[in-house]
Amino acid sequence: MCSTIGTLFRVTTFGESHCKGVGAVVDGCPPGIALCEADIQVQLDRRRPGQSKLTTDRQEADQVSILSGVEQGKTLGTPIALFVPNKDQRPGDYQSMAPIPRPSHADYTYQAKYGIRASSGGGRSSARETIGRVAAGAIAEKVLHQTYGIEIVAWVSEVADIQEPQIDMTQITRGLVDANLVRSPVARTADKMIGAIKAAKNDKDSLGGVISCVCRNVPVGLGEPVFDKLEAQLARAMLSIPATKGFEIGSGFAGSRMRGSAHNDPFVQKDGRLGTLTNRSGGVQGGISNGEPIYFRVAFKPVATIGQDQATVDFDGQPVVLAAKGRHDPCVVPRAVPIVEAMTALVLMDSCLRQASRDYRSLTPC
Ligand SMILES: Cc1cc2nc3c(=O)[nH]c(=O)nc-3n(C[C@H](O)[C@H](O)[C@H](O)COP(=O)(O)O)c2cc1C
């Protein structure tokens, strides 16, 4: 299993959905950063289950404790351990489903790979694992904002076939995103999305969606060609989030249908440096940030666990009808917004440290 991401800002997550708790160890955070639990809790509250009628009914406060690496409100440069207890477990919900691998979930593949699996709630494949990512991401984000003024904002841009109209990515804020339950900033389409999710929930069904994300004020020069190009790292980070099925940056798949003459981003002089007139590159060229806003989209599938009858087979290959029990999200995208922001922050933080490490002459010789 691989539970660690990052080269210099290294984050390891731990925990299963129904064990004592989940969390992360962050190694490589710079020393002397003001940090307290409240800095982290804001994003955990946006991720937490039971926060609205559109999410799972599982009730968890998801209160984070910083166990190490911080003293008198300042980071020490030592590993920061973050812990969130699991409180509202109901393993009984899963007993009847134990002999049946849920279609399109991770039960069959975990069992086949490890020969054993957590008995309830999806174990490590559950979205509770992402608590560690969100907690670690909040630390990265604080450092990025303080040091470079980097802003990361994600929002729901599609639910099923409902698409938001084009919006101005230079203006979008988390305040606008959180103005409604579905975290989609255009009220007209947000209402339709909310209606569609409620209808799917009533039908004991689920819906997919798309999250868009923009990163502003990103310094030029982040990304490590050739295998750790910035967009390759972002794609890897996003596709490691449970239930993701697609990633595109800048013009993405639509760009493949354009001509070069229409697609190229001409250079212009901007604030004493070269910028681009348009930004179909999505802020990354040659795997390196170019100083323009970085923007990308992540596709999420409809969640696998649904209450409707599904014809499938059990682990012995015998035909069964599964009507899944337990408490589940009818559509994950509203809760996945802070997860996308966190994974983005982890990639950018690590990239900043890697680029800064090139300045080896900054050491004072003795
Ligand atoms: C925020 C969030 C909440 C999720 N909630 C559920 C859920 O309630 N039920 C479910 O079956 N899957 C849920 N998932 C997705 C599963 O964790 C995921 O589909 C499963 O681990 C299989 O992995 P894969 O879809 O990446 O192949 C959720 C994902 C996210 C990001």
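1. For Thr305, a polar side-chain atom is 2.4 Å from a ligand oxygen atom, and Asp329 brings a backbone N or O atom to 2.9 Å from one.

2. Bear in mind that this is a predicted model, with local features needing pLDDT of at least 70 and side-chain atom pairs pLDDT 80 or more, while totals for chains, interfaces and linings use all residues. Residues are numbered from 1 along each chain as its sequence is written, and side-chain values use heavy atoms, without hydrogens or water.

3. Around the ligand there are 14 residues, counted when a heavy atom lies within 4 Å of it. Among the closest are Ser125 and Ala243.

4. On to the helices (DSSP runs of H or I, at least four residues, numbered from the N terminus). The axes of H3 (residues 130-148) and H9 (residues 333-356) come within 7 Å and cross at roughly 55°; axes are lines fitted to C-alpha atoms over the stretch in contact, and angles run from 0 to 180 degrees between N-to-C directions. H3 and H9 are therefore oblique, the class left over after roughly parallel (under 35 degrees), roughly antiparallel (over 145) and roughly perpendicular (65 to 115).

Key: Helix = DSSP H or I, 4+ residues; strand = E, 2+ residues; numbered from the N terminus. Polar contact = N/O pair within 3.5 Å; in protein donor to acceptor, adjacent residues only side chain to side chain.
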